[in-house]
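Please read the points below with the chain open beside them.

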Amino acid sequence: ATGGINVMPGDAGNPEKRNELLGYSGTDVTTSADLGLGCGNPLIAAKLKLGEVVVDLGSGAGMDCFIAGKQVGPTGRVIGIDM
């Protein structure tokens, strides 16, 4: 299926297009940490600031952790937890 409710567009299998659809900047994504298994972009709603502490439950390979680390900077902390 292409498009529609609960269906990603046909080109969502393309990592660059998928990340763009989810609101990630191409320069922020660590390719080796992008497993393509996420369910959205939590960083849009988080509006992280320098010095904050972030806990990512179900972090997978850590794609959002790497991006969050850039946003909270050297005075912040990011903790990724996965099984």
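1. In H3, the buried residues are Met-63, Asp-64, Cys-65, Ile-67, Ala-68 and Val-72. Buried here means under 20% relative accessible area, exposed over 50%, and partly exposed in between, with a 1.4 Å probe and protein chains only. Helices (H or I, at least four residues) and strands (E, at least two) are DSSP runs, numbered from the N terminus.

2. The model is a predicted one: local features need pLDDT of at least 70, side-chain atom pairs count only at pLDDT 80 or more, and totals for chains, interfaces and linings use all residues. Residues are numbered from 1 along each chain as its sequence is written, and side-chain values use heavy atoms, with hydrogens and water left out.

3. What covers the buried face of H3? The cover of its buried residues includes helix H1 (15-21), helix H2 (42-46), strand S1 (53-57) and strand S2 (77-81). Contact, here and below, means heavy atoms within 4.5 Å.

4. The largest nonpolar core consists of 9 residues: Tyr-24, Val-29, Leu-43, Leu-48, Val-54, Met-63, Ile-67, Ala-68 and Val-72. Helix H3 (residues 63-72) supplies the largest share of this core, 4 residues. Such a core is a set of buried Ala, Val, Leu, Ile, Met, Phe, Trp, Tyr and Cys residues joined through side-chain atoms within 4.5 Å. In soluble globular proteins, nonpolar side chains tend to be buried together.

5. Val-72 belongs to that core. Apart from neighbours within four places in sequence, Val-72 is in contact with Leu-48, Lys-49, Leu-50, Gly-51, Glu-52, Val-54, Arg-77 and Val-78. After H3 comes Gly-73, which has a positive phi, near 70 degrees.

6. Asp-64 also lies in H3. Is Asp-64 buried or exposed? Asp-64 counts as buried because its relative accessibility is 16%. With residues up to four places away in sequence set aside, Asp-64 touches Tyr-24, Pro-42, Leu-43 and Asp-56. Of these, Tyr-24 and Leu-43 are listed in the largest nonpolar core.

7. Ser-59 sits in the loop between S1 and H3. At 13% relative accessibility, Ser-59 is classed as buried.

8. Ile-79 is part of strand S2. Ile-79 is called partly exposed because its relative accessible area is 40%. Its contacts, not counting residues up to four places away in sequence, are Val-54, Val-55 and Asp-56. Ile-79 and Val-53 stand 26 residues apart in sequence and 7.9 Å apart in space, C-alpha to C-alpha.

9. Lys-47 is in the loop between H2 and S1. Although Lys-47 is not a glycine, its phi is positive, about 45 degrees. Lys-47 is exposed, with a relative accessible area of 59%.

10. For the protein as a whole, the secondary structure amounts to 3 helices and 2 strands, in the order α-α-β-α-β along the sequence. Of its 83 residues, 27% are buried. Among contacts with a separation of 6 or more, 39% join residues 24 or more positions apart. The protein exposes about 5700 Å², and carbon and sulfur atoms supply 60% of that area. Accessible areas come from the Shrake-Rupley method with a 1.4 Å probe; for residues, only the protein chains shown count as cover.
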